[in-house]
Amino acid sequence: MTHPVVPIKTYAAVFGALLALTITTVAVSKLELGEFNFVAAMTIAVIKGTLVVMFFMDVRRATSLTKLIVGAGLFWMAILFVFVLSDYASRGWLPGPRWF
Amino acid sequence: MSTYLPFARTEARTNYLNADYGWKSWLFTTDHKRIALLYLFSITAFFFVGGAFAVGMRVNLLTPEGIFAHDTYNKLFTMHGIIMVFFFLVPSIPATLGNFLVPLMIGARDLAFPRINLLSWYLYMIGGAIALTAIVKGGVDTGWTFYAPFSSTYSNTHVILTAIGVFVSGFSSILTGLNFIVTIHTMRAPGMTWGRLPLFVWGHYATSLIQVLGTPVIAITLVLLGLERVLHAGIFDPAVGGDPVLFQHLFWFYSHPAVYIMILPGMAVISEIIPCFSRKALFGYTFVAISSIAIAVLGFLVWGHHLFVAGQSMYASMVFSLLSFLVAIPSAIKVFNWTATMYKGSISYETPMLYAFGFIGLFTIGGLTGLFLATLAIDVHVTDTYFVIAHFHYIMVGGMVMAYLGGIHFWFPKISGRMYPEGWARFAALIVFVGFNLTFFPQFILGYQGMPRRYAHYPPEFQVLNVMSTAGASILAVGYLLPIIYLGWAWRKGPKAPQNPWNAKGLEWEQSPTPPPTYNFETQPVVTEPAYNYSGESEEVGIG
Ligand code: HEM
Ligand SMILES: [Cu+2]
């Protein structure tokens, strides 16, 4: 359409990066990092997701309306995470002292 | 009459129904109106399958000991719920009336992606076929809510197959929503500003937002459920380190908003019917439009009210309870505005209006009992009882199905080019109203007295109310069969409809022939007045 064609090289590079990150994920899971195993896996996953959205789905050069929609999707996911995690975080809290 | 010229012309004209013949012209059509009819016939079939399971349940509940084995009863209510929610209510109005009318109402030739529209119907049918296969192979017994760990670990019925069916049909819902959003943004006729959109379109826009933002979550949740069941991934099953409450969070993150997928289009229909049969502009247009969006957004923040007794933190419960009260505000705004529209209007009592009256009353009861349930202390008492069943049936059946029938009657002339028999239709509407209340009002009392839901047997003191409920269900069934008969008759033999039998406002009535031609309009419509301009004012001037 109106935008220039993306060179195959770019797609190949992104694909290579995705493969490399997948191998990294497996490799990191073999290390004993305690809590940080999870952090590492999630960080890599987010980077991979960003690559796919930006390059393969071409949001990088999309209209602001498309970006807004992508943003709304992420915001909605944030609602899910924040509310669910707030349940987990506060489940152990006992009722405080009564002052009434 | 037969020599009256405009009628003779109507007869000769080609429209979307006679433009082409043969099964291929239907199964490969990309005309939004034909796809709407494909959906109409399919969802009607599913409605009667789902209804058959309900008949089984009501017959079982005639006596305290029932007639079915416990396992069979579990399957009956599960398959009733799954079919009615995912294969009838979610697509009901959007995929039929919405599909047919959104392009007509905004002055477009079709939806933005006609082939995706057809794909959505195929996905719906494939999903439906998979779910029906699961049923034929023996069914599923988890409840429509698929709660883990029962669904993920213990149930020995066809959970995976059913979940795949729901998963696939979810994509049909996403595609419909996507199509509507793009169409409404990009294909409005000249002069059709956002402030002039019929509220039917606003309601469908809000619904589409939920479909696109919410449905992927149920899809993922069902995938996780499958992983858990097959690979024991340890997500929901506490025995392998998972948390069953997480399933409920994920499920209701979609399914509470989904209940608004199942009511916003109903509200959208009512917002068209009431101005037409009151001969007045809708009161508070902007408020009603914005309240649809507010419902869509707030509806995503309240799902925790389904988890009050599930082990959710009580602090989260308090927040969810408060937010649930807030979501009632935009619903109430609509009810007040519809009522204010009728005030001093010249009301007439055609069938669509009768359904609209039914909707307002029954939806209000359903919504208000929702507030009871959102109150923590009351919910602990009535959760998992028939009170909950009555609450949501007042909204989904009393509200949405009434709106659906009202809409089908209102636009029947547009869709078929024929008039339906008004006397029969009014009679059926009355039967539906009486049957509905007799079926579900006793369930409020039963629930309040403590009869739990989802059991095949009950203590003898509940029998009288249960018999009343079953009697009501039989009346209701007659009320639903009648329209099939007389509308089927009217489709072939009814008198030809004039272009605008109700003298209604809106492009679909005023500027498009009845039935519409394949590309909807003979000339490009241009909009010069606000929606519902029944008083005939030429510009958006206030009162004065
Ligand atoms: C005024 C807004 C509403 C409020 C505050 C509300 C509140 C609630 C609450 C608190 C429950 C949980 C009860 C329990 O399980 O103990 C519930 C259940 C339910 N509501 Fe509503 N509701 C509202 C509107 C609706 C609408 C519009 C629909 C459908 C179109 C709906 C459909 C349902 C369904 C299907 C359930 C039961 C789900 C199940 O457990 O199977 N509600 N509602
Ligand atoms: Cu809810």
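Predicted model: local features only at pLDDT ≥ 70, side-chain atom pairs only at ≥ 80, totals over all residues.
Close-up 1. Between chain A and chain B, 6 residue pairs are in polar contact, with both residues of each pair at pLDDT 80 or more. The residues on the side of chain A that touches chain B divide into 10 nonpolar, 3 polar and 2 charged. The count of salt bridges between chain A and chain B is 1, and the side chains that meet in a salt bridge are those of A:Arg91 and B:Asp243, with a distance of 3.6 Å from N to O.

**Close-up 2. Contacts and buried area where chain A meets chain B.** On the chain A side 15 residues take part, and these are in contact with 20 residues of chain B. The size of an interface is often given as the accessible area lost when the parts come together. For chain A and chain B the area buried between them is about 1500 Å², and 76% of it lies on carbon and sulfur atoms. Of the area that chain A buries against chain B, 41% is supplied by A:Trp76, A:Leu80 and A:Phe83, which is more than any other three residues supply.

Close-up 3. The protein provides a single donor to the iron atom of ligand 1, namely the NE2 atom of B:His391, which is 2.1 Å away. This residue, B:His391, has its place in helix H15 of chain B, a helix that covers residues 386-416.

**Close-up 4. Polar side-chain atoms beside ligand 1.** A polar side-chain atom of B:Thr383 lies 2.5 Å from an oxygen atom of ligand 1, while an N or O atom in the side chain of B:Trp144 is 3.0 Å from an oxygen atom of this ligand. In the case of B:His391, a polar side-chain atom lies 2.9 Å from a nitrogen atom of ligand 1. The elements of chain B that give two or more residues to the shell around ligand 1 are helix H9 (244-261), helix H12 (314-342), helix H13 (351-374) and H15.

**Close-up 5. The residue shell around ligand 1.** There are 22 residues around ligand 1, of which B:Val259, B:Asp379, B:Thr383, B:His391 and B:Arg453 come nearest. Divided by class, the shell around ligand 1 holds 13 nonpolar, 7 polar and 2 charged residues.

Terms used. Residues numbered from 1 in each chain as written. Chains lettered and ligands numbered in written order. Heavy atoms only, no water. Contact = heavy atoms within 4.5 Å. Buried area = accessible area lost by both parts, 1.4 Å probe. Salt bridge = Lys/Arg side-chain N within 4 Å of Asp/Glu carboxyl O. Polar contact = N/O pair within 3.5 Å; in protein donor to acceptor, adjacent residues only side chain to side chain. Nonpolar A, V, L, I, M, F, W, Y, C, P; charged D, E, K, R; others polar. Donors = N, O, S within 2.8 Å, 3.2 Å for Na, K, Ca; no water. Helix = DSSP H or I, 4+ residues; strand = E, 2+ residues; numbered from the N terminus. Near = heavy atom within 4 Å.
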